[in-house]
Amino acid sequence: LHVRSAMLRAVRRFFQDLGYLEVETPCLSRDIVIDAWLEPIEVAQAGCRWFLQTSPEAFMKRLLAAGAGNIFQVSRVFRGGEIGARHNPEFTMIEWYGVGTTWLQQIEITESLVRAAISAAVGFEGAAQARQLPLKPFGRTTYAEAFQRVYGIDVHTIHGDVLMGVARQHGIALPDSCLPTQVDDILNAMLAFGIEPGLGRWNDVGSSSGNVGAGPEFLCDYPPSQAALAVTSEELPPVARRFELYIDGIELCNGYQELTDVAELKRREGHQNDVRTDGDLQRLPGAPRLAAAMQHGLPECSGVALGFDRLVMIATGEDEIGKVQAFSSRTA
């Protein structure tokens, strides 16, 4: 608890020094940003569907459209069915948006923030001294480079049936119902089981990626089909201007060059709902108030959402998220 408190103070100091305004937004709303891979927790309220927010994104972007400028938030967020060593249905997220900043600038800000927060933990009992970060800059690897490194394939050109064969050759378990057309499902499984465990390692733990000792690592330039609410590049092959940070195989954050096109937002919401219904999940209402704010004018910006509990896990060398929370799902 002392380590968490020290790290939170460091986070707030970091953003205050950058001139970011701390904001607070509701945890409960009738709007929900649609992600086919995230299941929100639904709450019945006055005969309507309300949702505990999986991220404060929609509200924070509404503030950006209203002229709030650079903002950050320490938020409690909720995701249904996520229970495990690195998952808890309720957790703490640090989310921020820099108006006029690029995703590359936010990569630099993210590294500086992580260093500041972990440095604040050093010296407290329970914070393993060995977890101090290496001095050299965090690595950067593209999604395509990671797949080439581990599987020897070009994710931009490979066909689904060939991709399935490569996955099975490497022992990646795919559902019997999986089809060659479900490329993102196959890629996600290959990433989770064959690539992520070896990302961002700097200690003596073995790495399937051959990247032992590289240190914390940003994975960037995702396929356009996995853009979420990030913009995509215009060059060929197109990629999503999106990044994630990994330390010792643990995913810490998601960052985007943010989408500002409301028509594209609605198109992507529809696609995500189609993916959900194909997987026998309920359709979600989306975020019409966010769309209205974007119609009014969302400024060019980049944003990042970082799982604070996982950052505390890394700082303290713990292997379960419940060990760095006052109360986890097992004791709540």
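Gly194 is buried in this predicted model, at a relative accessible area of 9%. Helix H6 (residues 183–195) is where Gly194 is found. From there to Glu57 it's a stretch of 137 residues in sequence and 30 Å in space, C-alpha to C-alpha.

**Aromatic rings**

- Searching the whole structure turns up 9 aromatic pairs.
- Take Phe15 and Tyr20: their ring centres sit 5.4 Å apart with the planes at 45°, so this pair goes down as tilted.
- Phe15 has 0% relative accessibility, so it counts as buried.
- Tyr20 comes in at 6% relative accessibility, under the 20% cut-off, so it counts as buried too.
- Another tilted pair is Phe138 with Phe218, at 6.0 Å centre to centre and 40° between the planes.
- Phe138 and Phe218 are both buried.
- There's also a cluster, in which ring pairs link Phe14, Phe15, Tyr20, Phe72 and Trp96.
- As for charge over a ring, Arg242 lies over the face of Tyr222, 4.1 Å from the ring centre.

**Strand E5 and its partners**

- Strand E5 (residues 71–78) is mostly covered, with 6 of its 8 residues buried.
- E5 pairs with strand E1 (residues 21–22) in the parallel sense, over 2 bridges.
- Within that pairing, Glu22 has Phe72 in E5 as its bridge partner, and Phe72 is also a member of the aromatic cluster.
- E5 also pairs with strand E6 (residues 90–99), this time in the antiparallel sense and over 8 bridges.
- Val74 has Ile94 in E6 as its bridge partner.

**The E2-E4-E3 sheet**

- These 3 strands make an open sheet in the order E2-E4-E3, with antiparallel pairing.
- Strand E2 (28–29) and strand E3 (41–45) are the edge strands, each pairing on one side only.
- E2 is joined to strand E4 (residues 48–52) by 2 bridges, and the two run antiparallel.
- Ser29 has Phe51 in E4 as its bridge partner.
- On the other pairing, E3 and E4 go antiparallel over 5 bridges, with Val43 standing opposite Trp50 in E4.
- E3 and E4 also form a hairpin with 2 residues between them, and Ala46 in the turn has a positive phi of about 55°.

**The cavity**

- How many cavities of 30 Å³ or more are there? The count comes to 1.
- The largest cavity holds about 30 Å³ of space.
- Its lining is made up of Ser29, Asp31, Gln53, Ala58, Phe59 and Arg62; of these, Ser29 also turns up as the bridge partner of Phe51 in E4.
- Which element gives the most to the lining of the largest cavity? That's helix H2 (residues 57–65), with 3 residues.
- By class, the lining of the largest cavity splits into 2 nonpolar, 2 polar and 2 charged residues.

- The peptide bond from Leu236 to Pro237 is cis, with omega near -10°.
- Pro237 lies in the loop between E8 and strand E9 (240–247).
- Ala228 is in the loop between E8 and E9 as well, and has a positive phi of about 55° although it isn't a glycine.
- Is Ala228 buried, exposed or partly exposed? With a relative accessible area of 30%, Ala228 is partly exposed.
- Asp221 is another non-glycine with a positive phi, here about 60°.
- Asp221 lies in strand E8 and is buried, with a relative accessible area of 15%.

Conventions: Residues are numbered from 1 along each chain as its sequence is written. This is a predicted model: local features need pLDDT of at least 70, side-chain atom pairs count only at pLDDT 80 or more; totals for chains, interfaces and linings use all residues. Side-chain values use heavy atoms; hydrogens and water are left out. Rings of Phe, Tyr and Trp (its six-membered ring) pair if their centres lie within 6.5 Å; planes under 30 degrees apart count as stacked, over 60 as edge-to-face and the rest as tilted. Buried means under 20% relative accessible area, exposed over 50%, partly exposed in between (1.4 Å probe, protein chains only). A charge sits over a ring if NZ of Lys or CZ of Arg is within 6 Å of the ring centre and within 35 degrees of the ring normal. On a 1 Å grid over the protein atoms alone, a cavity is a set of points where a 1.4 Å probe fits but cannot get out, and a pocket is an open set with protein on both sides within 12 Å along at least five of seven lines; lining residues have an atom within 4 Å of a point. Grid points are joined across faces, edges and corners, and a volume is the space filled by probe spheres set on the points. Helices (H or I, at least four residues) and strands (E, at least two) are DSSP runs, numbered from the N terminus. Ala, Val, Leu, Ile, Met, Phe, Trp, Tyr, Cys and Pro count as nonpolar, Asp, Glu, Lys and Arg as charged, and the others, Gly among them, as polar. Two strands pair if DSSP finds at least two bridges between them.
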